[in-house]
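Please keep the sequence and the model at hand while reading.

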Amino acid sequence: MRPEIPPNSYHFEVSFTDKRFAKDRGFQSVAGLQAQLVFPNEHSRRPTDHQFGDLTLSRALDTDSKLASWFLEVIHAKKLATVDLSIALLNSEHEAVVRWYICGALPIRWEMDEFDALRSGIAMERFSFRCESISLNPPKKPRPKPTKGLRQKK
């Protein structure tokens, strides 16, 4: 069913499938949610690949963040570790109108906003991920293989 009015971009939630990050919420912004085809040159009409944007999540500094600790551990160890997450736009009843599933999100950058003694503001942190895939539906489970010897009804 199509909503009567378009969803607002300011009412959203980010949630991680990994239980360690269950309390890592309160993101102020999400950027880089995109997918595109890659063409070998500007005149080509056949794509050779696809790619997804680098996803950036921003929020006020959380001094008890498991996500920030894990992020820095992964970066310091220079090891590949990924996490799956979802981003949902919510309606006025806080129900998901649309949900994007991000699989294989690899931490690539953590940063803090500038500290400035002449400006009043909240300390903000940003997490950037390189995404393996983005979908509008939950990741599909593999279908069972058909059993040999069974005939289909005609």
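Read along the sequence, the chain follows the pattern β-β-β-β-β-α-β-β-β-β, which comes to one helix and nine strands; helices (H or I, at least four residues) and strands (E, at least two) are DSSP runs, numbered from the N terminus. This is a predicted model, in which local features need pLDDT of at least 70 and side-chain atom pairs count only at pLDDT 80 or more, while totals for chains, interfaces and linings use all residues. Residues are numbered from 1 along each chain as its sequence is written, and side-chain values use heavy atoms, with hydrogens and water left out.

**Overall values**

Of the 154 residues, 27% count as buried, where buried means under 20% relative accessible area, exposed over 50%, and partly exposed in between (1.4 Å probe, protein chains only). The chain exposes about 12300 Å², of which carbon and sulfur atoms supply 51%; accessible areas come from the Shrake-Rupley method with a 1.4 Å probe, and for residues only the protein chains shown count as cover. Among contacts (heavy atoms within 4.5 Å) between residues at least 6 apart in sequence, 62% join residues at least 24 apart.

**The nonpolar core**

A nonpolar core is a set of buried Ala, Val, Leu, Ile, Met, Phe, Trp, Tyr and Cys residues joined through side-chain atoms within 4.5 Å. The largest one has 24 residues, among which Phe16, Trp70, Leu85 and Phe129 touch the most other members. At least two residues of this core come from each of strands S1 (12-16), S5 (54-60), S6 (83-90), S7 (96-112) and S8 (124-130) and from helix H1 (66-77), and H1 gives the most, with five residues.

Not counting residues up to four places away in sequence, Leu85 touches Val14, Ser15, Phe16, Leu55, Leu57, Trp100, Tyr101, Ile102 and Ala105. Ser15, found in strand S1, counts as buried because its relative accessibility is 16%; leaving aside its neighbours within four places in sequence, Ser15 is in contact with Arg25, Leu85, Ser86 and Arg99.

Strand S8 is largely enclosed by the rest of the structure, because five of its seven residues are buried.

| Strands | Bridges | Direction |
|---|---|---|
| S5 and S8 | seven bridges | antiparallel |
| S7 and S8 | six bridges | antiparallel |

Within S8, Phe129 stands opposite Leu55, whereas Arg130 stands opposite Leu106.

Note on methods:
Two strands pair if DSSP finds at least two bridges between them.
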